[in-house]
Amino acid sequence: MKMRFLFPHKFKIYGWITLVIGLLLGILLQLNNVEPSGDFSTTKVFALYNDGFLTEKDTGFFKIIENDISDEIITLLIIIGGVLIGFSRLKVEDEFSFKLRSESLIWAFYVSSALTILVTILIFGGIYFNFLLYNLFLQLLFFIARFHYVLYKSQKELSYEE
């Protein structure tokens, strides 16, 4: 079975490296409750639109603004790493792995949606806002975790049968 939309298998290792770096930096940023500042992460960037939410200057469309890009870099590392892991071919890609991948993606969508509904009903304030930020990654991380767990479990059952 030809999988047209999957990355080559070798991309998976790059995905793991990228995801782990992004998660470690994100956790470090959250645990230290530090907003990085200084010359390293603050730079001028093009903004399609800036509403001035925290700065109240340079508002409007098509602006060059000064921004701390550490959050954006961490977000990109996590998303790119997760996509490379979740959507790289296995060494042996067949109909069964496609079925597991599809079922895991649907499962991750359901779990992420249910969690979002539950949190929306029960959690309020700043914690809810933080959840919405983390929710950007949850569905992808749920998919990766379930797909690899089900794949491991099926390979283990197959080895018992032999």
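Buried means under 20% relative accessible area, exposed means over 50%, and partly exposed is in between, using a 1.4 Å probe and protein chains only. Keep that handy for the tour. What you have open is a predicted model, where local features need pLDDT of at least 70 and side-chain atom pairs count only at pLDDT 80 or more, while totals for chains, interfaces and linings use all residues. Residues are numbered from 1 along each chain as its sequence is written, and side-chain values use heavy atoms, leaving out hydrogens and water.

**Stop 1: helix α2**

Select residues 70-86, which make up helix α2. Helices here are DSSP runs of H or I with at least four residues, numbered from the N terminus.

Now click on serine 70, in α2. Its relative accessibility is 11%, so serine 70 counts as buried. Other buried residues in α2 include Ile74, Ile78 and Leu84.

**Stop 2: the nonpolar core**

A nonpolar core is a set of buried Ala, Val, Leu, Ile, Met, Phe, Trp, Tyr and Cys residues joined through side-chain atoms within 4.5 Å. In the largest one, with 15 residues, pick out Ile78, Leu100, Phe143, Ile144, Phe147 and Leu151, which touch the most other members. Helices α1 (11-31), α2, α3 (95-122) and α4 (126-161) each supply at least two of the core's residues. The largest share, 7 residues, comes from α4.

Zoom in on isoleucine 144. Leaving aside residues up to four places away in sequence, isoleucine 144 touches Trp16, Gly82, Ile85 and Gly86, where contact means heavy atoms within 4.5 Å.

**Stop 3: the salt bridges**

Side chains of opposite charge can pair when their charged atoms come close. A salt bridge here is a side-chain nitrogen of Lys or Arg within 4 Å of a carboxyl oxygen of Asp or Glu, and by this rule there are 2.

Start with arginine 101 and glutamate 93, whose closest N and O atoms are 3.1 Å apart. Both of these residues are buried.

Then select lysine 99 and glutamate 103, paired at 2.9 Å, N to O. Both lie in helix α3, 4 residues apart, or about one turn of the helix. How exposed is glutamate 103? Its relative accessibility is 34%, so glutamate 103 counts as partly exposed. Lysine 99 is partly exposed too, at 43%.
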